[in-house]
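Take a moment to look over the structure shown here before reading on, and keep it in view as the paragraphs lead you through it.

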Amino acid sequence: MLKRKIFSIIMLCVAVPAVVFAGYFLAKGKQYYLVSLLVIFLSIFPFFYSLERKKLQTRELVITASVTAIAVASRAAFFYLPNIKPMCAVLVISAVVFGAEFGFVCGAISMLLSNFIYGQGMWTPFQMLAMGLTVFVITLIIRAFKIKNRFVAGIVSGIICTLLYGVIVDLCSVFMMVSDFNLKSILAVYSSGVPFNIMHGAATALIVAFFMPSITEKLQRIKIKYGIFNEKNQHSS
Amino acid sequence: MEAGFKGYHPVPNLIYFLSIVIFSLLFKHPLTLAVCFAASICYYIKLCGRQAVKNFFCVLLPMLVVVLLINGIFAHYGTTPIFTLPSGNKMTFEAIVYGFVLGLSAVTVMMWFFCYNEVVTADKFMFVFGKFLPAAALVFSMALRFVPLYKNRLYIIAEAQRGIGKDYKSGTLLERIKNGGKIMSILITWSLENAVEISDSMRARGYGLKGRKAYGKFKWSGKDFVAVFVIILIDILLIFGCIFKSVHCVYNPYIVINPKADFGKTYFVNQLNLTLNPTSFFGIITLIAFTVLCFLPLIIELKEDIKWNRLKSKI
């Protein structure tokens, strides 16, 4: 447990800046996209590594797969509202119950999965990191401040979803499209994504605010009934 | 059995797409760009046919124009002004050319990804990553099967809800969100309970016991070995090409194509501050290697087509 944590921290604190600096000096600041890809892989890797090392119960693995699939499929529940993507909200609600690391892994895998359905692209790694990190951060905040009020939780997740997810995903288009990094050209790319990000954040906020209590109750029941994702007895399979 | 490059083992498929995407992002020389663009569009059309042409004109061409405009209007570098915009910003020759280069490489990479979607299916992806990350691969493959299952269940739940008067198709926005969330909530109850049953059944059949192996559909054969060997050989050549900058171009502050050389003739275009240096011997080798890498899947497809036609004519 401790070894795993130390490994993750070393990975994030040493390897990521090292790659950024090496990329900056070797490519003389020209290969932003490739360097950012390396950074993304390095920051996603510790989470997947800990998933392998944890020796999860079979039940926990299948629940992870199930929540991931629900997040991807839930888009079909709002089929008549094409702009509403409930993925982030579903993941946040389940991550608050099952744990932040669970949220990161589910977020990253569900983005990868939905891209296998809608088409992979150079945005896939960015989306994986963005969704994982967004869910991770929101869960940490909700758990740290013990937010029980569903509307507060909704507003918090809506704001973080808009900002964090939007910024990371649009970074991909910035790196691909802009050669001269001045404020105007970066803003030009970002502003084209603003409506989508606001829609995404608003949908997340609405769904979290409406359905957090009822879905949390269901997940909590499963968690207690089958004794899964219990932080205390992680190793007793 | 799939034909052509699709029928190869997942390892050469993935190595190929990894190296082609990285090198088409690394090389910004006009010749490599042209070759890579031609190869990607040919392969894309070979794989997807009419859909590819439609996608190219409706999605990729507008993207190229947008990148060109963003760089032309907002970039401040370059020494050769062509004309001044109403905002007072000078549109430079260098910025426009580099915008075109960036746009073209973005479009090319997009097309390689479209080809990737056709060639590397989810089971191939799983086969490779299941070796390194077995737990994550299991989660991924189970989720892959659950998605269509749950979509089907969502439809069943939605129809049942419609039957009791909670129509998901009509009503105000808020009502529809509420109904959608209700459907989702029912799905969660149904599916999580079910997931636990699935895991118990897996345990009962011995999941997680020692000495159990995963079933792999793909067999390693001689042609896969040759393909991996060729791709890695070319990769090594191209990495040397990158390190020694044999096909290197500078677009800022003025355009210099190929590094400075002691031999051959150097051309200048004074109005545009454009310098054209001769290509070195190693530069030519790098270019040829890159061309082979780009056209590798097409060569494989063509070879099999010729073989097929010859066999057909024999009958």
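Is Leu14(B) buried, partly exposed or exposed? With 18 C-beta neighbours inside 10 Å, Leu14(B) counts as partly exposed, since a residue is buried if 20 or more other C-beta atoms, placed from the backbone, lie within 10 Å of its own, exposed if 12 or fewer, and partly exposed in between. This is a predicted model, in which local features need pLDDT of at least 70 and side-chain atom pairs count only at pLDDT 80 or more, while totals for chains, interfaces and linings use all residues. Residues are numbered from 1 along each chain as its sequence is written, and chains are lettered from A and ligands numbered from 1 in the order in which they are written.

Leu14(B) lies in helix H1 of chain B, where helices are DSSP runs of H or I with at least four residues, numbered from the N terminus. Leaving aside neighbours within four places in sequence, Leu14(B) is in contact with Val120(B) and Val128(B), contact being C-beta atoms, placed from the backbone, within 7 Å. The buried residues of H1(B), among them Tyr16(B), Ile20(B) and Phe23(B), pack against helix H2 (32–53) of chain A as well as helices of chain B, including H4 (93–119) and H5 (122–132).

In chain A, helix H4 (residues 87–98) and helix H6 (residues 124–144) pack at an angle of about 45°, with their axes 9 Å apart; axes are lines fitted to C-alpha atoms over the stretch in contact, and angles run from 0 to 180 degrees between N-to-C directions. H4(A) and H6(A) are therefore oblique to each other, because angles under 35 degrees count as roughly parallel, over 145 as roughly antiparallel, 65 to 115 as roughly perpendicular and the rest as oblique.

Definitions and conventions. Helix = DSSP H or I, 4+ residues; strand = E, 2+ residues; numbered from the N terminus. Contact = placed C-beta atoms within 7 Å.
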